[in-house]
Amino acid sequence: MSEKIMVNIRGVGEAKVLRGTSLFELSEKYAASFARPALVAKVNNELQDLSRPVLYDSAVEFLDITNSQGFRAYQRGLSFLMVYAAKTVLGKKARVVINHSINKNFCCELPEFDEISKETLAEIEAVMRAAVAKDLPIERHTMPKELALSTCEELGLYDKISLLKYRTNMSFSFYKLDWMYNYFYGEMPPRLGRLDKFKLVKRTRGFMLQFPAKTEQYELSELAPENRISEVFSESKRWMRIMKADTVGALNDKLCQDGNGEIIRVAEALHEKKIAALADQIMQEHRPIVLIAGPSSSGKTTFASRLGVQLRVNGAVPHIISLDNYYLNREDCPLDEFGNYDFETIDAIDTEQIVDDLNALLAGESVEIPSFNFYTGRREYKGNVLKLSPADVLIMEGIHGLNERVGGGVPSSDKFKIFISALTQINIDDHNRIATTDARLMRRMVRDFLFRGTVAAKTLDMWPSVLRGEIKYIYPNQERADAFFNSALVYEMCVLKQYAEPLLFGITPNDPHYSEARRLIKLLSSFLGVPSETIPSNSILREFVGGSCFHH
């Protein structure tokens, strides 16, 4: 067997190297060819950390912070460093929790402390910066299951004990930083010297771990103020802790001890209670126009229908209209920077017609509501005439529902604005969060396949464009809402995995989305399965897996 192998390095070209050369050694040798330090690499399209050796002819792509998978590695590495530093300062069994993300920065807390002092936070950050200055390595170690569990016990990582006991693996890969071992979902950067931009910022509860932006400029990303979305996250997290299901391991424990019936009934009852409260508020404030907005796969359609039911309970007559009905004819739709039709932009909607129709309805006039034919790409009028009586409530839902170009011409006293999103209530464990975008991606992937005949690779291909549209057009309007609704269901990943896993396994190694598919498969593998037959027919989840009483 030849001692040398051929490696084709993206951005460098072909190179002959010794068999067994590590990816880290290659990244160091060709560092001058790259603008930013490599954090992880793709080897023949499979994501690997840089400690791995190259053993055969391979195509290698080094990923830095400007790549989404490289950025996740940066976040994981800094998360590990922050937990290490906190335990160094507060004791190795101190509990450190990474709750959720806002504007790509992580909201963290120390549950044993009501409030963390500025002095303690500064001490933790100082330990982090000292470790970065020393360029400490992050080493990958494989250990038998029994040793992994005892290591977690020693370090107070009880959430990981609960998680790992449901895995069938006989061994696990842990990462080691100085004296600390930890289990993370995904590959780590090789050394702390590559993680030199960060900041800890005190918040009312806990603190923020601030990351650099995913750009060449590498400056710290904007730190969002404490806003109402933060409050929704915090409320959801408190509720999950009361339910004792705030991590995947805890959820699995609950499913094993109580079955799936109780967790489904309680989660659905919480949704119904909050929707009923919104209907009560709308009626009490006499708002005849309800505008609903939210990102893709947040469950806007089912939410609107359930809100309509609760409005009927209050004696109102609801009429539900989708903003999609007001799409411009396809030939009039604007193009994006790649020359494709941009259906995410507000400019693809006939906002002038919407405003005219809303004001006419408020004035007591009859309005013919259009529908949009997605096959022909044209707006159609089919005699759907609407006139609002005093008991009527018009519900208009769509991704741009809170944009001022849609409702800006309607008096504030006549409209009630709701922002809906699936804000993940559950983490894998204390240090591995589940991105809200991943939860919505799973919903979208399953729905696209079941009802639109779209394969998973196609959904993954279009997803970055969807996210860019949300950042540009949807999230800037969320603080205009009168109310927020979290459509996430704690048990939904347990159901979605049975639909999504076969679709993700169908993505082959030569597909550009292969490494992303493997990441999502690993995420789903932590959850125990729950059959969809147990879900109520009015559940928001039914919008994505079928069987909804609102959609035929």
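**View A. The second largest cavity of the predicted model has a volume of about 70 Å³.** A cavity here is a set of points, on a 1 Å grid over the protein atoms alone, where a 1.4 Å probe fits but cannot get out. Grid points are joined across faces, edges and corners, and a volume is the space filled by probe spheres set on the points. The residues lining the second largest cavity are Glu109, Leu110, Phe113, Asp114, Glu115, Ile116, Arg205 and Gly206; lining residues have an atom within 4 Å of a point. By class, three of these are nonpolar, one is polar and four are charged. Ala, Val, Leu, Ile, Met, Phe, Trp, Tyr, Cys and Pro count as nonpolar, Asp, Glu, Lys and Arg as charged, and the others, Gly among them, as polar. The model is predicted: local features need pLDDT of at least 70, side-chain atom pairs count only at pLDDT 80 or more, and totals for chains, interfaces and linings use all residues. Residues are numbered from 1 along each chain as its sequence is written, and side-chain values use heavy atoms, with hydrogens and water left out.

**View B. The largest cavity holds about 100 Å³ of space.** Its lining consists of Ala422, Leu423, Thr424, Gln425, Ile426, Ile434, Ala439, Ala488, Leu489, Val490, Glu492 and Met493. Nine lining residues are nonpolar, two polar and one charged. Counting cavities of 30 Å³ or more gives eight.

**View C. Arg167 is buried yet has no salt bridge.** Buried means under 20% relative accessible area (1.4 Å probe, protein chains only), and a salt bridge is a side-chain nitrogen of Lys or Arg within 4 Å of a carboxyl oxygen of Asp or Glu. The nearest side chain of opposite charge, Asp429, is 8.8 Å away; Lys and Arg count as positive and Asp and Glu as negative, while His and the chain ends are not counted. Arg167 lies in the loop between helix 5 (158-164) and strand 9 (171-177). Helices (H or I, at least four residues) and strands (E, at least two) are DSSP runs, numbered from the N terminus. Leaving aside neighbours within four places in sequence, Arg167 is in contact (heavy atoms within 4.5 Å) with Lys145, Phe172, Tyr183, Tyr185, Ser525 and Ser526.

**View D. Helix 7 (residues 248-258) is largely enclosed by the rest of the structure, because eight of its 11 residues are buried.** What covers the buried residues includes helix 5, helix 8 (261-284) and helix 14 (492-505). Gly259, with a positive phi near 75 degrees, follows helix 7.

How values were computed: 1 Å grid on protein atoms, 1.4 Å probe; cavity = no way out; pocket = protein on both sides within 12 Å on 5 of 7 lines; lining within 4 Å. Buried < 20%, exposed > 50% of the residue type's maximum accessible area, 1.4 Å probe, protein only.
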